[in-house]
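These are notes for a colleague who is opening this entry for the first time. Please read them beside the model.

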Amino acid sequence: MRTSALETETHGYPPHEGRVVTSEDWSAQLRAQGRRVTRQRLAVLAAVQDHPHSSAEQIAELVREQLPSISTQSVYVVLTDLTSLETVSYTHLTLPTTPY
């Protein structure tokens with residue numbers, strides 16, 4: 001999984017290639033891949049970073065702490081999009097849910 005911190009402060013996130021990746025870095029990556037930078041995308045990336053191997057439903061609950069009106073379906077759409085960009089990946093396990 002290739003995710004990192006979304007805030008300009010470090011918040012205890014591990015460095016990426018010797019430095020902390022910021023929201024500006026994520027924004028640049030999304031734009032370079034032809035995607036708009038949205039609060040939903042940044043919130044999903046933060047949730048995946050903070051809670052690796054969580055299910056989409058768990059990620060949706062975490063994102064709702066920042067964006068209360070986001071639907072689980074919207075989180076699935078964002079996760080699918082970020083997976084297609086290889087920004088996040090999901091793990092194929094024999095679990096009832098798919099961890100990202």
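1. The chain exposes about 6000 Å². Carbon and sulfur atoms supply 49% of that area. Of the 100 residues of the chain, 40% count as buried.

2. This is a predicted model, so confidence comes before detail. The mean pLDDT of the chain is 78, and 70% of its residues reach 70 or more. Over residues 1–16 the pLDDT is below 50, although this stretch has 48 contacts in the model beyond near neighbours in sequence. Where pLDDT is low, the predicted coordinates should not be read in detail. Among the elements of the chain, helix 1 (residues 23–32) has the lowest mean pLDDT, at 85, while helix 3 has the highest, at 95.

3. The chain contains four helices and zero strands. Read from the N terminus on, the order of elements is α-α-α-α. As for contacts in the chain with a separation of 6 or more, 50% of them are between residues 24 or more positions apart.

4. The largest nonpolar core has 20 residues. Those that touch the most other members are V44, V48, I59, V63, V75, L79 and L82. Each of helix 1, helix 2, helix 3 and helix 4 supplies at least two residues of this core. Helix 2 gives the largest share, six residues.

5. Helix 2 (39–50) deserves a paragraph of its own. Helix 2 has 12 residues and spans 16 Å from its first C-alpha to its last, close to the 16 Å expected at 1.5 Å a residue. Helix 2 is mostly covered, with nine of its 12 residues buried. These are R41, L42, A43, V44, L45, A46, A47, V48 and Q49. The cover over them includes helix 1, helix 3 and helix 4.

6. Leaving out residues up to four places away in sequence, R41 touches L30, R35, R36, V78, D81 and L82.

7. One of the contacts of R41 is L82, which is also among the core residues that touch the most other members. With residues up to four places away in sequence not counted, L82 touches L30, R41, V44, L45, T87 and V88.

8. In helix 3 (residues 56–63), the buried residues are A56, I59, A60 and V63. Seen down the axis of helix 3, these buried residues fall within an arc of 105°, so they line one face of the helix. What covers them includes helix 2 (39–50) and helix 4 (72–84). I59 and V63 also belong to the group of core residues that touch the most other members.

9. Where does H51 lie? H51 is in the loop between helix 2 and helix 3. With a relative accessible area of 36%, H51 is partly exposed. The C-alpha atoms of H51 and L62 are separated by 8.9 Å, and the two residues are 11 residues apart along the chain.

How values were computed: Residues are numbered from 1 along each chain as its sequence is written. This is a predicted model: local features need pLDDT of at least 70, side-chain atom pairs count only at pLDDT 80 or more; totals for chains, interfaces and linings use all residues. Side-chain values use heavy atoms; hydrogens and water are left out. Buried means under 20% relative accessible area, exposed over 50%, partly exposed in between (1.4 Å probe, protein chains only). The arc is that of the directions from the helix axis to the C-beta atoms. Contact means heavy atoms within 4.5 Å. pLDDT is the predictor's confidence in each residue, from 0 to 100. A nonpolar core is a set of buried Ala, Val, Leu, Ile, Met, Phe, Trp, Tyr and Cys residues joined through side-chain atoms within 4.5 Å. Accessible areas come from the Shrake-Rupley method with a 1.4 Å probe; for residues, only the protein chains shown count as cover. The expected span of a helix is 1.5 Å times one less than its number of residues.
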